[in-house]
Amino acid sequence: MLELSDYNVSYGQSRVISDFNLTVPDNEIVAIMGRNGMGKTTLLKSLIGMIPMEGSIRLNGVELSGCKSHKRVKSGLGFVPQGRMIFSTMTVKENIETGLTAVGGGSVPSDLYDLFPVLHEMRKRRGGNLSGGQQQQLAIARALASNPRVLILDEPTEGIQPSIIKDIAKTLREIRDARNLTILLSEQVLSFALDIADRILVIEKGEIVHDDPRDSVDENKVASYLAV
Amino acid sequence: MFQGYTAAELTSIFAMQGFAGLSLFSVFVLMALGLAIIFGQMGVINMAHGEFMILGAYVTYLTSNFFSEHLSSMFSLYFFVAMILAFIAAALLGALVEWVLIRHLYRRPLDTLLATWGLSLILQQGYRTIFGAREVGVTLPDWLMGSYAITDMIEVPVNGLFVMCLTILITIGVYLVMQKSRLGKQTRAVVQNRAMAGAVGINTEKVDRFTFALGCGIAGIAGSAFTMIGSTGPTAGQLYIVDTFLVVVFGGASNLLGTVASAFTISQAQSTMEFFLSGSMAKVLTLLTVVGILMLRPQGLFTLKIRS
């Protein structure tokens with residue numbers, strides 16, 4: 001279970017996320033929606049420790065505030081950033097191996113290659129020479145290598161063709177079922193969010209303005225939040 | 001400038017100056033390796049790198065003295081022990097400096113420049129206090145003295161060949177560490193994207209300390225090699241720092257092959273021209289050529305070809 005309480009993130013004097021409270025139970029897929037500039041990326045980056053935060057973040061009861069990024073990964077958070085940010089001059093295999101640091105190294109587990117066969121095919125290519133969709137799969141595999149309890153994805157569909165978006169939704173659900181993962185993702189594409197999530201949040205100016213389980217979500221209402 | 005020499009003489013001059021330049025080449029490569037690793041990894045320009053080299057040279061001097069006094073039967077082997085000790089001493093000092101000084105100054109490149117400059121002055125004064133202002137030299141074991149006569153006119157110094165072989169081995173070793181070892185892979189990930197490396201679970205602070213210590217340790221080995229081409233004094237390292245930066249920039253930072261190629265070019269050009277011209281004229285010509293090439297190829301000699 002991931003719990004955020006009295007959670008604040010600021011850039012200098014400007015507060016982007018204010019007094020956020022959120023509980024994500026195990027095994028749930030939560031999509032955070034909202035227009036640009038409403039704090040989605042800031043929230044997710046602060047969860048993994050790339051941006052300083054205040055307040056409390058607890059994963060299965062363990063307090064993570066004040067921990068550096070690598071400690072948070074070791075405690076069970078996995079992060080797939082916006083724009084993938086794979087290590088472009090390193091090979092696909094080496095990219096995945098960086099994710100194994102938190103679990104003490106070793107070779108790439110075969111189930112990761114089973115999930116993403118294309119990565120096995122391309123394991124000797126440099127990450128920077130992969131297409132956008134392949135890089136996204138690589139970023140997910142790299143995050144899964146540390147065997148996280150909670151997988152955080154920042155706009156996984158950005159810049160990816162619609163047919164592959166459907167595949168990613170399916171794969172993420174499969175991974176959740178196989179590994180009992182909790183998944184927290186930010187999203188702009190409503191259809192993808194409805195496809196994948198168990199619960200949909202909308203944030204506006206750093207606060208939750210809408211929080212519904214997938215089944216009772218009012219699509220028009222969520223769409224109205226996303227409209228400019 | 002070639003008047004008065006026959007073709008045969010010129011050939012032997014080029015060959016001999018080329019071989020004489022091998023020691024300089026080795027020092028350049030080892031210095032530049034350390035500097036490039038540290039600069040590529042942390043964006044820290046280590047102005048005290050020459051002093052780490054001199055630390056290695058003093059350690060070599062101390063080891064040579066110790067062997068000649070207490071272990072004279074094994075004197076012929078002292079250089080190997082000296083190199084290992086030089087590496088350890090310089091790496092330990094490097095790790096300490098990183099912990100005390102450098103890690104507080106990341107993302108402040110100008111401040112690290114000043115701080116490491118200050119550190120170099122402190123180290124120089126430290127050497128002066130401990131070892132005295134007079135330069136010291138080491139005695140080479142017999143098997144490193146002398147030269148092979150290839151033809152009547154061409155003679156190759158043994159120590160130059162030996163140091164070059166060592167340099168090649170160390171370069172290959174560093175390459176393997178960076179490419180294959182877990183810490184090497186982590187280092188490359190941090191070089192590419194520090195924040196993201198942390199977010200996949202890499203302890204970036206540990207990697208920084210390892211890298212800085214490794215770079216300084218290699219400078220220590222460069223110091224061991226240095227004792228063969230010059231005498232060791234408190235300020236001797238300072239003379240090499242500019243040349244080493246030149247090697248790093250010319251080779252294209254963070255590319256091992258480029259570093260080796262550029263060290264070779266610069267040291268050979270320097271060594272060959274010094275025979276015909278004065279030392280400072282040779283330096284002027286080398287610098288002008290490098291500046292010219294860098295204007296045409298600002299990224300350095302070698303770069304990787306990848307998409308974004």
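Predicted model: local features only at pLDDT ≥ 70, side-chain atom pairs only at ≥ 80, totals over all residues.

Reader: Is Leu92(B) buried or exposed?
Author: Leu92(B) is exposed, as its relative accessible area is 58%. Buried means under 20% relative accessible area, exposed over 50%, and partly exposed in between (1.4 Å probe, protein chains only). Leu92(B) sits in helix α3 (residues 78-100) of chain B; helices (H or I, at least four residues) and strands (E, at least two) are DSSP runs, numbered from the N terminus.

Reader: Okay, where is Gln134(A)?
Author: Gln134(A) belongs to helix α6 (residues 132-145) of chain A. With 18% relative accessibility, Gln134(A) counts as buried.

Reader: And what is Gln134(A) in contact with?
Author: Setting aside neighbours within four places in sequence, Gln134(A) has contacts (heavy atoms within 4.5 Å) with Val118(A), Leu119(A) and Met122(A).

Reader: New topic: which residues touch the most other members in the largest nonpolar core?
Author: That core has 70 residues, and Met53(B), Ile54(B), Tyr78(B), Phe212(B), Phe226(B) and Tyr240(B) touch the most other members. Helix α1 (residues 7-42) of chain B gives the largest share of this core, 15 residues. A nonpolar core is a set of buried Ala, Val, Leu, Ile, Met, Phe, Trp, Tyr and Cys residues joined through side-chain atoms within 4.5 Å.

Reader: What does Ile54(B) contact?
Author: Beyond its neighbours within four places in sequence, Ile54(B) has contacts including Tyr127(B), Phe226(B) and Ala236(B). Another core, of 46 residues, lies apart from the largest one, and Leu151(A) and Ile160(A) are among its members.

Reader: How many residues of chain A are in contact with chain B?
Author: 27 residues of chain A are in contact with 23 residues of chain B. The area buried between chain A and chain B is about 2200 Å², with carbon and sulfur atoms giving 58% of it. Buried area is the accessible area (1.4 Å probe) that two parts lose on being put together, summed over both. On the chain A side, His70(A), Phe87(A) and Thr101(A) lose the most area to chain B, together 25% of what that side buries.

Reader: How many salt bridges are there across the interface of chain A and chain B?
Author: The rule (a side-chain nitrogen of Lys or Arg within 4 Å of a carboxyl oxygen of Asp or Glu) finds 3 salt bridges there. Glu94(A) and Arg188(B) form a salt bridge, with their closest N and O atoms 2.9 Å apart.

Reader: And how many over all chains?
Author: The search of the whole structure finds 17. In one salt bridge, the closest N and O atoms of Arg199(A) and Glu28(A) are 3.1 Å apart. Arg199(A) is in strand β9 (residues 199-204), Glu28(A) is in the loop between β2 (14-24) and β3 (29-33), and they are 171 residues apart. Arg199(A) counts as buried because its relative accessibility is 13%, and Glu28(A), with 17%, is buried too.

Reader: Which residues are linked in a network of salt bridges?
Author: Arg173(A), Arg176(A), Asp177(A) and Asp198(A) are linked that way. The side chains of Arg176(A) and Asp177(A) meet at 3.0 Å, N to O. Arg176(A) is buried at 8% relative accessibility, whereas Asp177(A) is exposed at 52%.

How values were computed:
Residues numbered from 1 in each chain as written. Chains lettered and ligands numbered in written order. Heavy atoms only, no water.
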